[in-house]
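Visitor: Before we talk about terms and cut-offs, could you please bring up the model?
Guide: Here it is.

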Amino acid sequence: MLTKKLKILYMSNNLVKDGAEFVKLAELPCLEGLVFVGNPLEERHCAEENWIEEATKRMPKPKKLDGTPVVKEDEEEDN
């Protein structure tokens, strides 16, 4: 299936407001980048100041989120 090789997903400015839809991203093992800005789910978590933490919990190996490089704390400790 082609979606299994998807590396970057552009989903900005949609109406995604339920976390259940976001959980499906874990099924994409090659996903490295996501643009999700402008969705109610992203806006709510940005207001709560936990968007990066919530998003990276569900992505297998994120490198970029909304155009910003993602560095997980456990990776920082390894270096």
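**Terms and values**

Guide: Within strand E3, Lys64 is the bridge partner of Gly33. This is a predicted model, in which local features need a pLDDT of at least 70, side-chain atom pairs count only at 80 or more, and totals for chains, interfaces and linings use all residues. Residues are numbered from 1 along each chain as its sequence is written, and side-chain values use heavy atoms, with hydrogens and water left out.

Visitor: Why is Glu54 called buried?
Guide: Its relative accessible area is 16%, and buried means under 20%, with exposed over 50% and partly exposed in between (1.4 Å probe, protein chains only); therefore Glu54 counts as buried.

Visitor: What makes the link between the side chains of Glu54 and Lys57 a polar contact?
Guide: The term requires a pair of N or O atoms within 3.5 Å, where, within protein, one must be able to donate a hydrogen and the other to accept it, and residues adjacent in sequence count only if both atoms are side-chain atoms. The contact joining these side chains is 3.1 Å, so it lies within that limit.

Visitor: Where in the chain is confidence lowest, and where highest?
Guide: In pLDDT, the predictor's confidence in each residue from 0 to 100, helix H4 (residues 73-78) is lowest at a mean of 52, and strand E3 (residues 64-65) is highest at 94.

Key:
Helices (H or I, at least four residues) and strands (E, at least two) are DSSP runs, numbered from the N terminus. Two strands pair if DSSP finds at least two bridges between them.
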